[in-house]
Each structure stands twice: as structure tokens, then as C-alpha cells.
Amino acid sequence: MSTTTLLTPPTSSTPTHTLHLSQLAPTIASASSSTLPYPLSLLSTSETQEKWLTLENLLLATLRTGDNTTAYLCLETLRDRFGAENERVTALRGLYAEAMASDQSELDDVMTHYEEILKEDPATFSIRKRRAALLKSMGKTAAAVDAVVNLLDTSPTDAEAWAEVGELYARAGMWEQSVFAWEEVVLLLPNAWNVQAKLG
């Protein structure tokens, strides 16, 4: 399998391709694990940006296909390399916890954890985005809109957030706000053909 395939996020790939990645994940993840703890792992000669992006994409692919054991292995390898306090690793740990939640109370626990993190550091954008996504998946559309609008107040050039709030507004039937948000996406990403198609 080519490296470029592993560098593409599995969320944009077909289910068949994601399943194939997930089947390869145990071999790749176990080969990627470092024996040195963080920060000594920084001294390893096998450090490449592609290696860690591959592991992150494998984590996402294994979560999509239900291979929780390998997902945990990928997550722990990333944690060992970057440390438990790394913002991206924290967001991935939250995503893993969301995927492992079996009922509403466990999702509420994840939400509480996100809110505790944000009390300590309100500028943690990856957690703010995860919180908004969790609110959306829990069916709390109004709260999700508020969370994304709050995010946009501090980061008005975040095209992903504009696209998300556009979807949330459309879901609520607020078409003027939805069109405005999608126009912001097109201003930031003129080649976003999928958003241009929504605008007509």
C-alpha cells in the first residue's frame, strides 16, 4: 500500500478503502510504536511527519470500522510520542472516548471532560470543535450552533467551522444564516465546489 494512501484522512475515503486500511492497521501500528518514552522519543531517527499522520489516519479508520483494540494502540503510540497533554492527542483521546461510549451517561461524561479542559484553557480549539461535534451528535442543535458561533468569534477564518454552522443552520431551517455561512466558506476556500453546489 502506498504511503500517500495512508496520508489521506479516511473520513474522505470509501467504506471499502477504510476497511482495507483498518485491516492493515495492526501491523503498521505495532511497527510504529516507539520504545522510548516522551521526550526521549524525539531523539529517534525514525521521526517523520508522515509516520504520525499515518498513525492518526489509522486511528480514525479503525474507529470507523470498530477495531477498538488497534485504535487504542494507535492512540497510545501517539500519546507516548507527543505526551498526554498535547492538544491534538487530547482531542483524539476525546474522539476515542466518544466512540467507546455505550450510552448517554458516558457521552455526558465525555462532555463534562471537554468542559473541564476548556475551563483550564478556553483556547483549545480542537476540544472546542470536538465539543461542538458531540453536541451535534447528541441532537443538541441549538447548543452546537452556539458552540460553533463562539468558535467563529475567536477564529473567523476557520472554513470548517463556517461549513459546520451552515449545516447546523440548514438543519434548523434557518436558510439566510445558512447561506451566509456557506458564502463565508466560499470566500475562504474559493474552490470548495461542494459548498458552491449548496449555494446553487
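A salt bridge here is a side-chain nitrogen of Lys or Arg within 4 Å of a carboxyl oxygen of Asp or Glu. The structure holds 9 of these salt bridges. It is a predicted model, in which local features need pLDDT of at least 70 and side-chain atom pairs count only at pLDDT 80 or more, while totals for chains, interfaces and linings use all residues. Residues are numbered from 1 along each chain as its sequence is written, and side-chain values use heavy atoms, with hydrogens and water left out.

The closest N and O atoms of glutamate 115 and arginine 131 are 3.5 Å apart. Glutamate 160 is exposed, at 55% relative accessible area, whereas lysine 129 is partly exposed at 29% (buried is under 20%, exposed over 50%, partly exposed in between, with a 1.4 Å probe and protein chains only).

Elsewhere, Glu76, Arg79 and Asp80 are joined in a salt-bridge network. Within it, arginine 79 and aspartate 80 have their closest N and O atoms 3.0 Å apart. Arginine 79, at 29% relative accessibility, is partly exposed, and so is aspartate 80, at 31%.
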